[in-house]
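Here's a quick briefing to read with the model open beside you. Take a look at the picture, then work through the points below.

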Amino acid sequence: MESFLNRYRSITVLLLVILAQLVLVAVQVKNDQDMRMIRVWTVTAVTPVARVVEALRGGSSGFIRNYVLLRDAHQENRRLQAEVDRLKLENNYLNNELNLADRAKALAVFQSHTPSRTVAATVIGTGAGTNSKMVLVDRGTVSGVERGMPVVTPDGIVGKVITAYPTASAVLLITDPDFAAGVVSQKGQVRGTLKGQGTPICKVDYVPFEEKIEPGEWLYTSGDDRIFPRGFPVGVVKVVRSAQPFKEILVDPSGMARGLEDVLILVEGVHQAIPDTPPGSQPVFIGTPPPADAVKPPDNPENAAPGAPAGTEADRLRAQYKDIGAAQGHKFGEGTPGSKPPDFNLKLPGPVGTPAAPAVPPGGASHP
Amino acid sequence: MSYSGGHILLSSQREGQVSRFSAWVMLLVPLAAILFQVYVPLFFEFLSFLEMPLLVVVYFALMRRSQVGGLLVGAVVGLAQDSLSKNPLGMLGIVNTLVGYFAASVGMRLDVDHPLIRLLLTFFFFVFHQFFYWLMVRALLGQSLVFEAQKTLVLGLLNAVVGISLYHFLDKLRKAS
């Protein structure tokens with residue numbers, strides 16, 4: 001080292017002197033931003049070094065973290081992958097449960113309101129053949145199921161029982177080529193025979209060419225086949241082609257539109273009227289109104305009397321005002337503007353009003 | 001006045017004679033040069049082109065044939081010039097340091113007693129001094145100083161001519177070896 005310094009003594013001294021004077025200049029001079037050059041130079045000189053040091057440190061730590069300490073990463077990855085798979089299965093299971101609950105609820109509602117006697121069944125298998133349009137359900141003769149009984153869902157007919165075992169039954173679906181059922185169109189009451197084709201689309205045979213039927217029209221069971229009771233939805237007409245001597249009509253069946261897992265077997269079918277509106281816009285069932293005392297405020301002794309009107313608060317007020325008007329000889333809707341209105345504070349003896357007309361008849365009614 | 005003989009390049013460093021100066025010469029001559037630079041142009045403006053401190057630095061560096069000595073003379077003279085000017089301390093110091101170092105380096109290989117060599121070296125170091133100062137002003141101070149090459153060359157020649165006479169006078173102050 002000493003010999004090195006002796007050999008390059010002159011240049012070393014030169015560099016030291018130059019450096020010292022550079023520092024001297026830098027201490028005095030300021031840049032445009034009133035910052036001393038010594039500070040600027042120092043930061044400029046230190047920053048790349050710091051950046052390199054930081055890059056080395058980050059690279060080293062990253063190398064250690066990403067490569068050296070990854071001995072458990074593969075195992076961790078496998079564990080997480082297994083966890084993801086488990087969660088996927090769980091998610092699918094919960095989704096299925098949710099769908100099942102929805103379908104079961106719809107089925108229960110339909111079952112409770114259809115006049116026919118039904119047995120709920122779950123599809124437990126399909127036919128063995130590739131072209132077989134048949135399913136197995138978990139209800140059999142033990143549950144009262146017999147061969148030939150119709151199978152439906154709330155959306156429409158599904159098929160018919162072709163074989164009844166003690167604990168299971170085989171159901172021929174309406175898409176099977178061997179299936180046939182009598183149908184009738186909703187508007188023109190055009191009758192025909194629904195047949196499966198082995199595809200998701202069925203056809204309707206024996207509709208004379210002069211009959212009027214249009215795409216979009218709904219078909220219902222006609223009851224002529226003595227299997228399906230009249231009035232069950234079958235499907236919607238997709239295509240109508242004129243041909244001789246019968247029209248070519250293709251139908252999109254509605255019974256299996258939302259899958260086929262739970263069905264109802266009609267053990268005692270009851271014919272129904274064909275509705276005037278398609279199933280999608282058919283009236284919604286509204287239950288019977290609650291008992292009268294259930295809608296009355298408990299702190300109102302007047303309303304606690306028997307014979308008080310049932311219904312909503314608006315119904316009760318309407319009946320009360322009607323009674324008040326009748327007691328004073330006033331007819332609502334006939335008075336001219338400015339005429340004296342009835343005294344709505346008039347106290348009437350006895351229970352207040354009777355319902356003019358219950359909003360919903362007891363036993364349930366349908367409102368469009 | 002004795003000039004060395006017919007060759008300019010020295011075959012070895014031993015051929016070059018190291019000039020020695022007494023301490024007062026080493027002190028007073030640079031001081032006089034600086035004072036000249038400061039006061040004479042006040043009364044004789046036409047003499048402002050003379051860069052007397054530079055000429056002194058070049059002379060001492062050439063004659064002493066010591067790089068460290070040359071750069072130290074240059075640094076001291078330059079810092080003194082800076083202290084008497086509006087420049088930040090170190091601007092002329094750095095330039096004169098480099099001039100002293102390189103002049104000493106050249107003096108070790110050339111026969112610096114030859115007037116032509118002295119003329120050329122003085123001219124060269126004047127131009128180098130001006131150019132490097134311009135460079136530092138731009139680089140360190142960020143000032144847009146114009147470098148007038150033609151004027152610099154002419155002034156370099158004038159300073160070289162004056163320097164020949166000055167060096168002849170300073171040769172008288174050398175210690176006899």
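This is a predicted model: local features need pLDDT of at least 70, side-chain atom pairs count only at pLDDT 80 or more; totals for chains, interfaces and linings use all residues.

**Helices 5 and 6 of chain B**

- The axes of helix 5 (residues 115-141) and helix 6 (residues 149-171) of chain B come within 8 Å and cross at roughly 135 degrees. Axes here are lines fitted to C-alpha atoms over the stretch in contact, and angles run from 0 to 180 degrees between N-to-C directions.
- That angle makes helix 5 of chain B oblique to helix 6 of chain B (under 35 degrees is roughly parallel, over 145 roughly antiparallel, 65 to 115 roughly perpendicular, and the rest oblique).
- Among the residues making the contact are Phe123(B) and Phe126(B) from helix 5 of chain B, plus Gly156(B) and Tyr167(B) from helix 6 of chain B. Residues are in contact if their C-beta atoms, placed from the backbone, lie within 7 Å.
- Sort the residues of this contact by class and you get eleven nonpolar, six polar and one charged. Ala, Val, Leu, Ile, Met, Phe, Trp, Tyr, Cys and Pro count as nonpolar, Asp, Glu, Lys and Arg as charged, and the others, Gly among them, as polar.

**Helix 2 of chain B**

- Helix 2 (residues 52-64) of chain B has 13 residues and reaches 18 Å from its first C-alpha to its last, close to the 18 Å expected at 1.5 Å a residue. The expected span is 1.5 Å times one less than the number of residues.
- Helix 2 of chain B is mostly covered, with 13 of its 13 residues buried (20 or more other C-beta atoms within 10 Å of a residue's own; 12 or fewer is exposed, and in between is partly exposed).
- Just after helix 2 of chain B, Arg65(B) takes a positive phi of about 55 degrees.

**Where chains A and B meet**

- Here, 14 residues of chain A are in contact with 15 residues of chain B.
- Helix 2 (residues 9-28) of chain A gives the most to chain A's side, with eleven residues.
- Helix 2 of chain A packs with helix 3 (residues 67-83) of chain B at an angle of about 15 degrees, their axes 9 Å apart. These two helices are therefore roughly parallel to each other.
- Val13(A) and Leu14(A) of helix 2 of chain A are among the residues making that contact, as are Val68(B) and Leu71(B) of helix 3 of chain B.

- Chain A has six helices and 14 strands (DSSP runs numbered from the N terminus: H or I of at least four residues for helices, E of at least two for strands).
- Of the 368 residues of chain A, 24% count as buried.
- Tyr206(A) has a positive phi of about 65 degrees although it is not a glycine, and Tyr206(A) is partly exposed, with 13 other C-beta atoms within 10 Å.
- Arg226(A), also not a glycine, has a positive phi of about 60 degrees, and Arg226(A) counts as exposed with 9 C-beta neighbours inside 10 Å.

Notes
Residues are numbered from 1 along each chain as its sequence is written. Chains are lettered from A and ligands numbered from 1 in the order in which they are written. Two residues are in contact if their C-beta atoms, placed from the backbone, lie within 7 Å.
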